[in-house]
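Here is a brief report on selected features of one structure. Keep the sequence and the 3D view at hand.

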Amino acid sequence: MIRVGQGCDIHALVPGRKMILGGVDIAHGSGLLGHSDADALVHAIIDALLGAAALGNIGQHFPDSDPRYRGADSRVLLRATVALLAQAGWQVGNVDATIIAQQPKMAPYLPQMVANIAADLQVAVDCVNVKAKTAEKLGFVGRGEGVATEAVVLISQPS
């Protein structure tokens, strides 16, 4: 049995915070606002995984109202999500994800993001793809007010 899941996340950019995407600290004057480390890329992947397995969403499992998740490393949450899927009999097949950000350029950071995500998902590096797009200066992303991410995953359950 196989299933597909999709996820998305959006975080505002604010001064005084780190920009962390895919577990990588990105050099930028602003960072992503959120209860945890606000890693929007990992959050989109978590939602895609939970959705594919019909296990709800990130807010149900790791609520921003819970002080345990204040400043949490999203990679830890991703590994916990993989454990939830495993308990339900699912394994990750592949991930395809997109970062939508006007600045900074993401290309130099993509290989490390892929390596981090693959390690956390316990899959080969060639099972993870992360790409980046700008918003062509349109909307909140184009104005540099935030970052959006999207992810699609395939999971499988041995028959």
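Predicted model: local features only at pLDDT ≥ 70, side-chain atom pairs only at ≥ 80, totals over all residues.

## Helix H1

Helix H1 covers residues 40-52. Its 13 residues should span 18 Å at 1.5 Å a residue, and the end C-alpha atoms are 18 Å apart, so the two values agree.

Twelve of the 13 residues of H1 are buried, so the helix is largely enclosed by the rest of the structure. Among the buried residues are Leu-41, Val-42, Ile-45, Ile-46, Leu-49 and Leu-50. His-43 and Asp-47 are also buried. Ala-54 follows H1 and has a positive phi, near 55°.

## The aromatic pair

The structure holds one aromatic pair. Phe-62 and Tyr-69 form this pair, and the geometry is edge-to-face. The ring centres are 5.5 Å apart, with 85° between the planes.

Both partners fall under the 20% cut-off for burial. Phe-62 counts as buried because its relative accessibility is 12%. Tyr-69 is buried too, with a relative accessible area of 14%.

## Helix H4

Helix H4 covers residues 110-121. The twelve residues should span 16 Å at 1.5 Å a residue; the end C-alpha atoms of H4 are 16 Å apart, which agrees.

The buried residues of H4 include Leu-110, Met-113, Val-114, Ile-117 and Leu-121. Asn-116 and Asp-120 are buried as well. The buried residues of H4 pack against H1 and helix H3 (74-87). They also pack against strands E2 (19-21), E3 (24-26), E5 (91-100) and E6 (128-133). Just after H4, Gln-122 has a positive phi of about 60°.

Notes: Residues numbered from 1 in each chain as written. Heavy atoms only, no water. Helix = DSSP H or I, 4+ residues; strand = E, 2+ residues; numbered from the N terminus. Expected span 1.5 Å × (residues − 1). Buried < 20%, exposed > 50% of the residue type's maximum accessible area, 1.4 Å probe, protein only. Phe/Tyr/Trp six-rings, centres within 6.5 Å; stacked < 30°, edge-to-face > 60°. Contact = heavy atoms within 4.5 Å.
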